[in-house]
Structures are given as structure tokens and as C-alpha cells.
Amino acid sequence: MIETVLLWLFAATALLAAVLMLVLRHPMRVALALTATMLSLAGVYALLGVHVIAVFQVLIYVGAVMVFMVYAIMLLDVRDRSFTRRFSRLLLPGIAAALLFLAILAHGLWRALPEPSGAAVGTLFALRHFSAEFLNEYWLHFELVSVLLVAAVVAALAVLEVGRRHRG
Amino acid sequence: MSHPLAVIVLLPLAGFLLNGLAGNRLGARFVSAIGCGLPILAFLVTVKCFLGLQAAGGAPLIDIAYTWAVVGGSSFEVAFYFDALSAVMVLIVTGVGSLIHVYSIGYMKDDASYARYFSYLNLFLFFMLLLVLGRSLLVLFVGWEGVGLASYLLIGFWFEDPDKARAGKKAFITNRIGDAGFLLGMFLLYTALGTLDMDRINAAFMATPLPAVSASLVGILLFIGASGKSAQIPLHVWLPDAMAGPTPVSALIHAATMVTAGVYLVARMSGIYLHAPEASAIIAAIGALTAFFAATIAVVQTDIKKVLAYSTISQLGFMFVALGVGAYSVAIFHLYTHAFFKACLFLGAGSVIHALGGEQDIRKMGGLARRIPVTFATFTVATAAIAGIPPLAGFFSKDEILWFAFASSSGGSPLLFAVAATTALLTAFYMFRLLWLTFFGRSRMTPETEHHVHESPASMTGILIALAILSAIGGFLPLPHFLGSLLPLPEIAPALEHFETPLMVVSIGLAFAGLAAAAYLFGGDADRAERLRRRFPTLHRVLSGKYYVDEAYDWLIGRPLYWISDRVFLRLGDQKLFDGSLHGLAALGRRSAGGLSRVQNGNLHLYALLVLVGIIASLAWSWRHG
Amino acid sequence: MLIATSAALFALGLLGVIVRRNVLVMLMCMELMLNGVNLSLVTFAQQTATAAGAVLVFLIFVVAAAEIAIAIPIVLLLVRRKGVLDLDAYADLKG
């Protein structure tokens, strides 16, 4: 019972923070709103029983991604036109399209939603079981993602090089 | 010789090919030898065939050279047919043709395109022989078109001069208008009879029951073709302009042979015309009108060749009068005598022009009788012949025509006779006028021309003498009797028979009256003619302007056609419609590309929006289709 | 309900990319989109009791991290060149 309430609460918080993201003016505040969304989502995951994902949500998303984001915002504190005029010319068409999108999604999802199997989650998402399953069944994906990370490292180094050359 | 007729036809073709392809390289002697030798050879073969025809008692010689096409049940062959009528025509074509070829050696001696001239002349001869020897209307038509082509090539022989080139075009186009009628006639005949062989067509019309086609309609259509080729009203306008070609060409094509093709066609198709009284009446009427009309114009012409051109039109009109009243053999008789004296006149005119170094205006001639005596003598003989002074050739044939115009029971009438007689008077008048102004009186030449005057070489004067002799004695050949079995003379009403001798006297009287009038007006110092002209200025102007027929054609036909071509077809059709649609397509592409390229404005917001729209669209589409 | 929330989060993220002018804010909205998708994946994994959804979420974490690690330096370099964070200044690839 309390779990349902908490679930609804966290979901609502996520939504609210997301809406705030679109409305706030200062990028720093937007970042904070996004962090709030992410934390709420972590809570949702935890409440759903998928603890391992919840933990990694906080660790990676909030801990790495958002920190980096905040760092960049602090570096680039530029008060230009995007500060005073938040929205692009496509505000109204964008809102219309988004509403249409939601309507279609709602229509489609309402028709064909898979039945929850009702099976107990049990220890499926416990760390030990999860990691065993992950590295047994999906080891290829794991390796490919590590290749992606290597590529990202190389790209970061390249960016550094470009920056260094530019600075002369 | 197994195919003598084919040989006659092919000899000039060989001449055309040899001279055309190799003439320039092999020199003038070769060109003259081939160009004159082959027609003379053709003439000799013709004489042989003619003797063979006499020996066979007039039975026609048929020579099937080549089967061109077999369509369904009918076959189209290239076949030649030689009977009495063909014999007369081929003898004239090859005989007079050869004489004119020899004359051309002297006349065209200094011309740069000597080989081209002779090759075209031989080409003309080839097509003309196809025309008169052809058995079916199809072969005749090939020859018909071919002589039109050769005429165009020869009229526009000195094509660097745009006027002369234009004259050639005019001749060809006017002929083509007539040919449209000819083709329609051929189509009708083929649909009704299933064959185009002329002997079979005549046989079908002479048998009973008559074929299921209106003989008058076919007759009129064929006559339209004939009037195009033989320069009858309203398609006569090309002949005076055709004088732009070299004079021997005018003699051969526009006096002796090509223009007589129309007369030959009608005479050959006599089977049809005997059963087509309306068509025959029209032919007689147009012939008489043309004869009178052209004679009136000839009275005031000042170019020596133009006088002769209008005279030719007028004499052709006479021939058509004879055809119209059913006297087909008489028309051929006149064709035959006309070939001699008209060729002699034209070649004589050529000799005069040659002697004067190019002068053609008779107002600038005079006093030449003693200086170029041979030309003068032959010209006089030919003039007397055309005026109808007995016992020269023209008298016999013209008198026969006048007689049948009056007395023939199939169309003869006093009115027709009156018009023809008046024309005969005018003919005598203007021909003697020409003679007087050219050869008699004080010299009106410019000093340089006078210095240049000399008699023509023997190759030219020899031919003139030969033709003058033929003009003199040619009338004694009883041609109507020779053709009598083939082309019977029309019936004469018994009541009119006693008019024959009086009318003969009248026609002789007319000839001498014309001579007298010309001598009176132009004899002394041409002053009386000047005074006459000043008394009737409007008439003189209308006649000099050739009744303004060319101007009328230009105004009624030429200008509207030009307007339609320019406004409707060029500006509207071609430029607006075709070019416009192409340009429109291109402009459409350009404008749509311009419009569509505004999507790529570099703005990420727009791209993201378009992605969203795309997602919506694909979701909607996939969920609509299940 | 959670699926609806995830759809809403995704839509809001996409709307944010279309609507906001600041480049960094746009990046953050893209992260929001990813989060929305993560939520839906986790919900399905939990509902159908399979691990595949969770594994995919894990992989998305990695991808998101790598992406942000490169995207932000790129933005930095761009801003160094142009001096503004407004997206309208970066319409150089026109036409």
C-alpha cells in the first residue's frame, strides 16, 4: 500500500521536475531539475525491486553525467540571448506535435499493452543473480559496449588535442 | 534487244549518272559526248521501235521491266507501253530533246557548271521518258514528279541568285498543288477499278457497264494535275518566272516537252473524258480562257523570253480547247507542231541573247536582221508558223483546232470559236510585234551591246535551221489520221459541215491581219504604238501587271498562310506550347527545389521537430495498418 | 501508469529539444529522453520478469555516459569558437 503511494509520489515528482526543466531559465536550475528527475526515477526503480539498476542510476547518471553537466554549465556561464529568450520559434508547433505524439502513443498503448505476467520478481534482480545472468547470456553486448567506451576515450583524447591546438 | 523500251528510258539515266558523278573530272568534251550522245542513241532506238510498230500494224508494244510490289490481288509493275500516241510523244521528246542538247553545247560553253547542266538535262529526259512510256499511272506519276524536280533544278540552275532560286521553288510548289488533284484522281480510279494501268482503265471505261466512279470527277481531278504541269489558270503563275533558267532549258522543258505532259495525260485518258461531258466542258472553258488571257498579257511584255512564255501558256490553252471538245488527236497534232516552232523560237531567242551578250529587253534591241541573218531567218519562219500562216506547220494544227472548237458535237460552239479566233489574232499580232521590235527598225541597243553583236556558232545555228525546216514542213504529216484508230475525231453535225472552208479562210485572214497590225504599229518607228499606249494607260498597266494574279495569290493565300505559320504555329504552338511546357517543367523543378531547400536551414530545432513529426507519422501509419 | 509516465518523460524531452534555445539545456533534455526510455524498459522487465530489459538499461547507462563525455567537450569547443550558447548561431550548415 505504502509502496503504491510512494510509487505514485516518485513518478509525479519525476514528471514535475521534467516540466520544470522545460520552463526554468537558468541552466544550472535546469540541471538541478534533471537531477531531481533522475533521483525520483531511481526511487521508482528501487520500489519496483530492480535495486541494481537503481544503484547504477544514481552512480552513473547522477554521479557522473550530471556532475559533468554542472561542471560544464559553470564553465560556460554565458549570458546571451538564450538566457533572456528561452524558447525557439518553434514553440507552438512543438507543443502541438508533442501533444499529438502523446495522443497517438496513448491510443496505441491503450490498445496493446502486454499483460503483466504476475510472476514474482524474487531474487531475479539481486546483484549476484543479475550479474551472473548478464555476463553469461549477454557477454557479447558487454564486450561491444566496452569497445564503445574505448572509442569514447579516444574521442576524448582527440578533443583534447583539438583544444590544445586551438589554444595554440 | 529484249527490252527496247527500258533501254530508251535508261540511256539518259546513264547519262545523268556519268555526267553527274564524273563529269567535272573528265572535262567538257566527255560531258558533251555523253550528254548529247546518249539522247541521240535513245532517239535511234525509238525510231527502230516506231518502225517495228508500223510493221506490226499498230499493235502496242508492252515491255514489263520489273515487278515493284504485289499487294493483295494486284501487282504494281514498272511496265512500258508503246503505241501510236506514245510513239509520237517519244519521238518528239528524244528528237527535239537531242537537238536542244546539241544546241546547249554552244550556249553553255562558258558556264562553270557545265557538267551539272548536262546531267540535270539527262535526268529530265529520263523522267520525261518514264512519263510518256509508262503503262500505269503510277509510273507516269513517278515521271511526273521527276520532271517537276528536274524543272526545279534547272530553273534554279544559277541558284546563287536568290530570285532565280525562288523561281525554281515557285515552279515546284505550284506543280505540287496540281499533283494533289492528280493523286486524288488516281486513288479514285484504283478504288473503283483495282488497277492503275492506263490501257486497262481506258478499256474499262469504253466497255459497258461503266465503272462505278464518276468519270467527271476523276476527269476534273486529273485535269487539276494537268493544269499544274501545263500552266493553265489558276496554276499558270510559275511559267513566266521559270524563264530565269538557261534558255535551252526553257526551250526543252517549258515549250516542247514538260508542259505538254498535261496534254498527253488527258489525251491518254481519253476513255474517261469521252464519258465525262462536264469535265470536258470545263477543260475547254479553262483552255480558252487561259489562251485569251495569256495572249493579252503577251501583247505588252518587254522581255523576249517572257513574251514566249506567255505565248506557250496561250498555245497550251489551245491544246486544251481541242481536248475539251473531244478532238484529242488534233491536240496532239498541235503539241507536235508547237514543239518545233516553239523550240525554234526559244532557241532563236537564246541566240539573240547570246549575240547581245545577255540583253533580254526588246526595247533595247532593233536592227538586228542584217547583223545576225541566220537567227533572223529561222526566227521569222517560226514566227510565221505560230501565227498560222500557211503552208507552215502551225497553220494546219491551229486551223483544225478552230474548226473543231466551232463544229464539234461534244462541246463545240460559236462562242468557243470566237474566243479562240480572237486569241489567234492576238497571237499573230504579238509574235510579229516581237519580230519587228527585235530585228527591224533603228537600233536601240547600247553601244557596248552593239559592239558585241555576232552570229552564234554553227552548233547553235545548225539546230535553228533544222527546227525551222521542221516548223515549215511538219504540218504535212497527217497526224490525226495516224492516231485516228486510237483517238477518233469527234462527230461533226451535218448542218455545220459547210462552214469548214469559210472558217479556214477566216483563220488565214486573222493571221495576216495580225501581221498587218503589228507591221503598222511597230514598223516605222514604234511611235504609233507609243501613242496607243498613252491612250489606254489603265489597260496597259493591268496587262503589264499580268492582271495582278501573283499579287492576288500573295494577298489571299501567301499572307494568311504566313500569318498562320507565324502567329499560330510558331508563337502559339511552338514557342508557347512546346517550349513553354518544357520551360514550365524546368521552372517547376527549379521552384519546387527552391521551396524544398528551405527545410535545410541549419536550425536543429526544425530538424528535431521534423523527427518528431516523422515518428508520429510512422506510428500512425503502422498502427492504422494493424 | 508507469508506462504513461515514461511516454510523458520521452515526449517532454523531445519537446525540450525542439523548444529550448540553450545548447546545454538541449543536451539535458536528451538525457531526459533516455531516462524516459529507461523507465519503460525497467517497467517491462519487472512486469514480465525477464532480465533482458534490465540488461538493456545497463547498456544504455554506458552509452549515455560515453555520449555525454564527448558531447560536452564538443559544445565547449563550439562555444569557444562562436562565443554564444544560442542554437540559432550554429546554423552554418544551411542550404
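Modeller: In the hairpin of β1(B) and β2(B), Gly72(B) has a positive phi near 65°. Two residues lie between the strands of that hairpin. Strands here are DSSP runs of E with at least two residues; helices are runs of H or I with at least four, and both are numbered from the N terminus.

A word on the source. This is a predicted model: local features need pLDDT of at least 70, side-chain atom pairs count only at pLDDT 80 or more, and totals for chains, interfaces and linings use all residues. Residues are numbered from 1 along each chain as its sequence is written, while chains are lettered from A and ligands numbered from 1 in the order in which they are written.

β1 of chain B covers residues 61-71 and β2 of chain B covers residues 74-82. The two run antiparallel, joined by nine bridges.

(The expected span is 1.5 Å times one less than the number of residues.) Buried residues of α19(B) include Met460(B), Ile463(B), Leu464(B), Leu467(B) and Leu470(B). Buried means 20 or more other C-beta atoms within 10 Å of the residue's own; exposed means 12 or fewer, and partly exposed lies in between, with C-beta atoms placed from the backbone. The buried residues of α19(B) pack against α2 (84-107), α14 (328-355), α15 (373-387) and α16 (393-407) of chain B.

Now chain C. It has three helices and zero strands, in the order α-α-α from the N terminus on. Its radius of gyration is 16 Å, well over the 12 Å that the globule rule gives for 95 residues, so chain C is more spread out than a compact globule. (The radius is taken over C-alpha atoms; the rule is 2.2 Å times the number of residues to the power 0.38.) Along the principal axes, the C-alpha atoms of chain C fill a box of roughly 50 × 25 × 25 Å. Buried residues make up 54% of chain C. Gln46(C) sits in helix α2 of chain C. Gln46(C) is buried because 22 other C-beta atoms lie within 10 Å. Its C-alpha is 28 Å from that of Leu15(C), 31 residues away along the chain.

Next, the interfaces. Between chains C and A, 54 residues of chain C are in contact with 68 residues of chain A. (Contact means C-beta atoms, placed from the backbone, within 7 Å.) Helices α1 (2-19), α2 (23-48) and α3 (52-82) of chain C each supply at least two residues of that side. The largest share, 20 residues, comes from α3(C). By class, this side of chain C has 43 nonpolar, seven polar and four charged residues. (Ala, Val, Leu, Ile, Met, Phe, Trp, Tyr, Cys and Pro count as nonpolar, Asp, Glu, Lys and Arg as charged, and the others, Gly among them, as polar.)

Between chains A and B, nine residues of chain A are in contact with ten of chain B. The chain A side divides into six nonpolar, three polar and no charged residues.

Last, confidence. Chain C averages a pLDDT of 90, and 99% of its residues score at least 70. (pLDDT is the predictor's confidence in each residue, from 0 to 100.) For the complex, the predictor gives an ipTM of 0.92 and a pTM of 0.72.

Note on methods
Two strands pair if DSSP finds at least two bridges between them. Two residues are in contact if their C-beta atoms, placed from the backbone, lie within 7 Å.
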